[in-house]
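Morning, everyone. Please look at the screen.

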Amino acid sequence: MTTTPVAPSSTPSVAPDAAPPVPDFGPATHLTCRECGQTYGLGAAYACAECFGPLEVGYDHSAVTRELIESGPANMWRYSCLLPVAAYAGDERNLNPGLTRLVRADNLARALGMTGPLWVKDDSGNPTHSFKDRVVAVAQSAARRLGLGTIACASTGNLANAVAAAAARAGQDSVVVIPSNLEDGKVLTTAAYGGILLAVDGTYDDVNRLCSELIGDPLTADWGFVNVNLRPYYAEGSKTVGYEIAEQLGWRLPQQVVAPIASGSLLTKVDKAWRELSALGLVEGSPYRVFGAQATGCSPVAQAFRAGHDVVRPVRPDTIAKSLAIGNPADGPYALDVVRRTGGVIEDVSDAEVVEGIRLLAETEGVFAETAGGVVVATLRKLLATGALDPAAETVILNTGDGLKTLDAISSHVGPTATIAHDVDEVTAAIAAHHARTGA
Ligand SMILES: Cc1ncc(COP(=O)(O)O)c(C=O)c1O
């Protein structure tokens, strides 16, 4: 293995012939290029010096057992032995995300004509109400190890919440960069945590390019962009969604999973988690199919899937599912690989279907999803209608965020049954009118 250690920015000066100190990344041993396989030492590196391919964390997992995990805390740090973090990472000031509920969704299954068990992995229960708290927790730990004092990000909204809150909790500085057209439920909540919040006139892809340009500028010498120069670590945080599903099912894998796609990272990491658990013998390596969900107004990966392409052609997003509005998804080709390898499908759904998906999940299970969750439920329905997804197989769908963040999406579709005076007769009349209208 060739390893070229990447020095952290705060590395103290060392004698010329002494190796730089290696930060404690727990079981992580190196970074590998996903394209050419070149390996590197652990550091704030994210692109291969040889071919510019993305870097991924590699491990020595020999010490992992079910008992070790089960004896851990009731949050994502129980999987520290599978993440690029020091054993003590969970004891440092952070939001302690994870171990969100896995909800058995019998009513939704019935409404959709499914006969197999259906589950919702409900990540709206995280501290800032999306799965992004998981990825930030790992990236924040990496920033500490690498001596980066400020955490920063380019965000479609949920990551903005997670970075600003995690920095506040740790007493760190944060710089969050977002497109200026995001929902109030993302912008105001991020601002409430303090830190610097920059709203850019442009799309997420413009924001992401700007952040890439900022890396290398002296202004950002002390910054860890969680989803840019800390991306190899950040992305590993999404594996905890996969670990939890397996553990919550009693150390089993489901037969099907439906995941939303923005950059494509979450979907690929759920698959990586399940492959790791199978390889380590922590679950039986039973086959599963991974399905991807996008909104039609930003569906570059679904389009590439349908066309049989390996490359993803960038699009300009136009959808109410703003959290998924990445027109040039960094992990799109890898998401395609996972879905094709496992025999899944990637579908996209209209904004009207997204709203119906949000309402169906709320009305059947009492789970109020962000637009990304609406995309997933609507995609599940479509996959059932086309026969792509087996209604009899055990299925998990991911609800990655809280509907309170995207009220705008449904505000013109739901409201009070009636607005009435403080009067019993008006209650009676309103209920009668409601029954007449709905036939219920
Ligand atoms: C709520 C929500 N779900 C899913 C995703 C998709 O994540 P990924 O970029 O890992 O595909 C995002 C990304 O921002 C998100 O905010």
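Let's start with a definition. Ala, Val, Leu, Ile, Met, Phe, Trp, Tyr, Cys and Pro count as nonpolar, Asp, Glu, Lys and Arg count as charged, and the others, Gly among them, count as polar. Keep that in mind. By this sorting, the lining of the largest cavity holds 14 nonpolar, 12 polar and three charged residues. One caution: this is a predicted model.

Now the cavity itself. How many cavities of 30 Å³ or more does a search of the whole structure find? One. The space in the largest cavity comes to about 320 Å³. Its lining has 29 residues. Nearest the centre are Phe 131, Lys 132, Ala 262, Ser 263 and Ser 323. Which elements give two or more residues to that lining? They are helix H3 (132-145), helix H4 (158-170), H7 and helix H9 (265-279). H9 gives the largest share, three residues.

What takes up this space? The ligand does: the space it takes is the largest cavity. Around the ligand there are 16 residues. Asn 158, Ser 263, Gly 264, Leu 266 and Thr 400 come nearest. By class, this shell has seven nonpolar, seven polar and two charged residues.

Start with Ser 263: a polar atom of its side chain lies 2.7 Å from a ligand oxygen. At Ala 262 a backbone atom takes part instead, a polar one, and its distance to an oxygen atom of the ligand is 2.9 Å. Lys 132 uses its side chain, with a polar atom 3.4 Å from an oxygen of the ligand. How much of the ligand does the protein bury? Alone, the ligand exposes 390 Å², and the protein buries 97% of that.

Let's move to the largest pocket. Its volume is about 640 Å³. It is lined by 28 residues, and closest to its centre are Tyr 46, Pro 54, Asn 208, Arg 231 and Ala 330. Strand S3 (55-59), helix H6 (204-214), helix H7 (231-236) and helix H11 (332-342) each supply at least two residues of this lining. H6 gives the largest share, five residues. By class, the pocket lining divides into 14 nonpolar, six polar and eight charged residues.

Methods. Residues are numbered from 1 along each chain as its sequence is written. This is a predicted model: local features need pLDDT of at least 70, side-chain atom pairs count only at pLDDT 80 or more; totals for chains, interfaces and linings use all residues. Side-chain values use heavy atoms; hydrogens and water are left out. A residue is near a molecule or strand if one of its heavy atoms lies within 4 Å of it. A polar contact is a pair of N or O atoms within 3.5 Å; within protein, one must be able to donate a hydrogen and the other to accept it, and residues adjacent in sequence count only if both atoms are side-chain atoms. Accessible areas come from the Shrake-Rupley method with a 1.4 Å probe; for residues, only the protein chains shown count as cover. On a 1 Å grid over the protein atoms alone, a cavity is a set of points where a 1.4 Å probe fits but cannot get out, and a pocket is an open set with protein on both sides within 12 Å along at least five of seven lines; lining residues have an atom within 4 Å of a point. A molecule sits in a cavity or pocket if more than half of its atoms lie within 2 Å of its grid points. Grid points are joined across faces, edges and corners, and a volume is the space filled by probe spheres set on the points. Helices (H or I, at least four residues) and strands (E, at least two) are DSSP runs, numbered from the N terminus.
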